[in-house]
Amino acid sequence: MPATPPPRTFPKTFNVKSFGCQMNVYDGERMAELLTAEGMRAADESEAADLVVLNTCHIREKATEKVYSDIGRIVKDGREAGAVPLIAVAGCVAQAEGEEIMARAPSVRVVVGPQAYHRLPVMVAEAAAGGRATETDMPAEAKFAALPKRRKVGASAFLTVQEGCDKFCTYCVVPYTRGAELSRPHADLVSEARALVEGGAREITLLGQNVNAWSGEDGKGRRVGLAGLAEELAKIEQLARIRYTTSHPADMDDALIEAHGLNPKLMPFLHLPVQSGSDRVLKAMNRSHTAEGYLRILERVRAARPDIALSGDFIVGFPGETEAEFEATLQIIAEARYAQAFSFKFSARPGTPAATMDGQIAAEVMDERLQRLIAALQRDSLAFNRGSVGKRCEVLVERKGRHPGQWLGKSPWLQSVHFTGDVALGDLVEVDLVEAGPNSLGGQLVGRAAG
Ligand code: SAH
Ligand code: SF4
Ligand code: F3S
């Protein structure tokens, strides 16, 4: 890519595009708030932004490569339109590749890691003046204190409570891109949650790479875990729903399991990735749990909250995975009966131990296993959704549907529900679930919920 001349003026409009996990979505929202506080404006869909922030994901090779193809397209479109925007790369690719990004894509003028994005406005100013700026330090505490107060948000909002990961699963880049586990202070989270509710949120999803590793001191100086935090947040009257993601089996403590039976605002949904059903593979992944240990946790969660919807993540084709080991994954799926799940082909990530392990699996084998895994998961999510037909439940209205008068919302079990009726965004309504597909349900509006 040839070098691009610097833009002539300080950007007035911006576009933040987030890829990857929900924590990136949260970071993207905070970056947009920062830029707005600096007097910039989010570009309309139809207009070309002066500043494009690509908030990137490094988890699999495809995700990383997407950054470079996106940059190429932005530069090409900009040249055709007569002005190339200022391009900033944020997120996990920024952290992992740093200045190398600028060597490979010289149009990029700002590279900012996930723990340094509170400095984005200063860095953009430097770049607008003709320079380049890179910041990939990890002083995690500094960031949150420097961000502006939360304002207007949607009915369902994200709140990052915990960052980083100390687990070092052998396939995963997150401990390198997001650093060590860090819990944000209890008081800061309570006040941010209040601000989100004042800004319109009825549901808050607590986020962390290992969200259930969160711990902190409550207002009375007692050390509490995620269950204690959820209990405190449940006191916010206008907040109707609390969710959390992503959890690690090793940090699934008794209090959190019990909270599913005790805290009525804690939604009956748990995303608890297992990755594989084979103990040999789990060990090679450095997952610290066995298939049996994992199933025992599910049993206890189901005892606390019998209707809980379970979700998981799976990797097929981890180095050395045999057909029998893959079948053990199909077996654990059959036993766990997931309501939904995500499945991925192993992607060798530079710098991780698994990338250089013996027995890398051929692409065709991974493809074939992934298809079988997806078929099993689809079977179970359809069964779960069919099991909901006939139930009456609360739905939080989150979006307009494609058809006139149609709305989309979420059931307590995180299913997408579509229905028609006279409601508004952010309403909590009662709906009868009448039809089911693998990815969504059709409902009939009964009326406004009490909450
Ligand atoms: N902290 C969470 C999420 C991590 S990333 C957790 O521990 O579960 C989300 C998912 O991406 C992981 O659960 C895993 O299934 C998948 N993943 C991570 N690294 C991967 C890799 N190198 N190849 C394929 N999938 C991967
Ligand atoms: Fe990655 Fe494992 Fe940490 Fe999850 S627990 S972020 S998969 S290293
Ligand atoms: Fe991707 Fe970073 Fe999240 S690698 S999954 S954006 S923590």
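This briefing walks through the overall build of the protein chain and then its aromatic pairs. The model is predicted: local features need pLDDT of at least 70, side-chain atom pairs count only at pLDDT 80 or more, and totals for chains, interfaces and linings use all residues. Residues are numbered from 1 along each chain as its sequence is written, chains are lettered from A and ligands numbered from 1 in the order in which they are written, and side-chain values use heavy atoms, with hydrogens and water left out.

**Overall build**

- The protein chain holds 14 helices and 21 strands; these are DSSP runs numbered from the N terminus, with helices being H or I of at least four residues and strands E of at least two.
- With a radius of gyration of 23 Å, close to the 22 Å that the globule rule gives for 451 residues, the protein chain is as compact as a globular protein of that length (C-alpha atoms; the rule is 2.2 Å times the number of residues to the power 0.38).
- Its C-alpha trace spans about 60 × 55 × 50 Å along the principal axes.

**Burial and contacts**

- Of the 451 residues, 53% are buried (under 20% relative accessible area, with exposed over 50% and partly exposed in between; 1.4 Å probe, protein chains only).
- Among contacts with a separation of 6 or more, 70% come from residues 24 or more positions apart, a contact being heavy atoms within 4.5 Å.

**Aromatic pairs**

- Searching the whole structure turns up four aromatic pairs (Phe, Tyr and Trp rings, the latter by its six-membered ring, with centres within 6.5 Å; planes under 30 degrees apart are stacked, over 60 edge-to-face and the rest tilted).
- One of them joins Phe 314 and Tyr 338, whose ring centres are 5.4 Å apart and whose planes stand at 80 degrees, so the pair is edge-to-face.
- Phe 314 sits in strand β15 (residues 309-316) and Tyr 338 in the loop between α13 (323-336) and β16 (340-345), so this pair ties together parts that are 24 residues apart in sequence.
- Phe 314 is buried at 0% relative accessibility, and Tyr 338 is buried at 1%.
- Phe 318 and Phe 346 make another edge-to-face pair, at 5.6 Å centre to centre with 75 degrees between the planes.
- This second pair links distant parts of the chain, 28 residues apart: Phe 318 is in the loop between β15 and α13, and Phe 346 in the loop between β16 and α14 (363-388).
- Phe 318 is buried, at 0% relative accessible area, and Phe 346 is buried too, at 8%.
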